[in-house]
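The sequence and structure are shown first.

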Amino acid sequence: MHGNKDHQADQIRAISGAEDRKCMKCGKCSASCPSYDVMDVRPHQFVSYLRGGDIDAMLNAQSIWKCVSCFACVERCPQDVKPAQIIEAARLMVIRQQGENYLSPDDVPELLDPELPQQLLASAFRKYAK
Amino acid sequence: MVYSYYPGCTLKTKAKVLDKNARLCAEVLGFTLEEVEEWQCCGAVYPMGADEIATKLPAVRALHAASEKEQGIVTLCSACHHVLKRVNEDMCQNKDLQTTVNNYLAQEETPYTYHGETTVLHYLEILRDQIGFDNLAAKVKNPLTGRKIGAYYGCMLLRPSSVMQFDDPENPTILEDFIKAIGAEPVVYPYRNECCGGYISLKEKALAEEMSQKIADNALSKGAEVLITACPLCLYNMKKPDGETLPTVYFTELLAEALGLKEE
């Protein structure tokens with residue numbers, strides 16, 4: 001459904017602007033990640049999978065819904081690989097497909113509470129839906 | 001000094017207290033916030049995809065409105081600040097994006113172009129760099145003596161530091177210096193620049209609560225009695241774990257209190 005592997009890897013590189021080939025596998029990205037414990041695919045693995053062309057592993061990862069975009073991995077990467085941008089590109093590849101949104105307006109009423117800031121809805125829709 | 005002011009969606013609704021106190025204090029401190037007309041929601045998260053165009057336009061429109069008045073643009077919400085600052089950087093650096101965005105802008109009712117001319121400032125940066133914390137301290141009428149306050153920075157003001165250029169991303173001091181200026185005692189705790197969970201608290205409530213609990217526990221262990229933040233989403237998430245033991249308030253609330261402007 002996503003076209004051929006090399007093309008997909010190049011698409012992810014183009015969307016993310018990330019530089020997986022500069023990775024020296026130090027693991028600082030995953031060590032910095034606040035969602036590490038609940039990720040099936042960890043930040044350093046996204047970098048490795050992109051480098052190895054294992055695109056399905058990235059697009060099927062539940063981690064794309066667990067990354068909080070806190071940019072800790074981006075800040076602390078000594079090689080400026082920008083792992084969060086690879087995860088964002090994988091998320092975009094998924095939600096840009098018809099019917100693959102992770103959040104629908106119909107889900108919202110039961111998620112609301114009186115204190116919930118508008119900013120939360122705006123940001124969640126930007127991250128989870130197209 | 002007059003600045004263009006971009007309040008953002010939440011400062012008009014759930015975070016009115018952040019907005020109102022900021023405006024009141026600005027006048028006392030000698031600067032004016034002039035709200036951008038017909039601003040649109042910035043989207044609350046920076047669109048990281050290099051091919052994302054439409055999602056960057058609301059920020060560009062606000063940035064352009066400020067450039068027309070030859071004013072810097074000021075934000076309070078950390079998320080708005082993050083989006084405006086990064087989109088502006090893109091409009092300076094990325095020539096392809098510039099071309100595509102300006103093709104859109106050519107279709108607006110009054111066509112215009114934008115190339116990243118505007119300076120994007122956070123309110124705290126005005127306090128530090130324009131007013132100066134010493135001058136702020138001199139205007140304090142009710143010093144918050146003896147109050148132990150933890151600065152909660154979160155992510156979006158600090159990272160990525162190459163673009164945000166707000167403070168040292170691992171050892172920031174701007175909020176601690178602010179706390180000292182209003183006469184209180186800053187409580188430094190290691191997790192002050194960790195993430196509260198951000199937007200994930202909509203669908204992953206347990207995960208977000210775990211993250212904010214870690215931050216709250218850390219701040220409490222160092223003796224904080226209250227946390228301050230600039231971000232409505234941080235405030236919402238930080239209230240979840242144990243809001244009674246460790247309340248979180250906006251920095252402008254304490255600023256107004258210190259300047260003798262607090263409204264009940």
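In this predicted model, chain B holds an open sheet of 4 strands in the order S2-S1-S3-S4, with parallel pairing; strands are DSSP runs of E with at least two residues, helices runs of H or I with at least four, and pairing requires at least two DSSP bridges. Strand S2 (32–35) and strand S4 (120–122) of chain B form the edges, each pairing on one side only. Strand S1 (residues 2–5) of chain B is joined to S2(B) by 4 bridges, and Tyr3(B) stands opposite Leu33(B) in S2(B).

| Helix | Strands | Angle |
|---|---|---|
| H1(B) | S1 and S2 of chain B | about 135° with S2(B) |
| H3(B) | S3 and S4 of chain B | about 160° to S4(B) |

At the interface, 47 residues of chain B are in contact with 41 residues of chain A. The two chains bury about 3,900 Å² between them, counted as accessible area (1.4 Å probe) lost on being put together and summed over both. Met48(B), Tyr199(B) and Leu202(B) lose the most area in chain B, together 22% of what that side buries. The interface has 6 salt bridges (Lys or Arg side-chain nitrogen within 4 Å of an Asp or Glu carboxyl oxygen), including that of Asp51(B) with Arg96(A) at 2.8 Å, N to O.

Residues are numbered from 1 along each chain as its sequence is written, and chains are lettered from A and ligands numbered from 1 in the order in which they are written. Local features need pLDDT of at least 70, side-chain atom pairs count only at pLDDT 80 or more, and totals for chains, interfaces and linings use all residues, while side-chain values use heavy atoms, leaving out hydrogens and water.

Conventions
Contact = heavy atoms within 4.5 Å. Axes fitted to C-alpha atoms, helices over the stretch in contact; angles between N-to-C directions.
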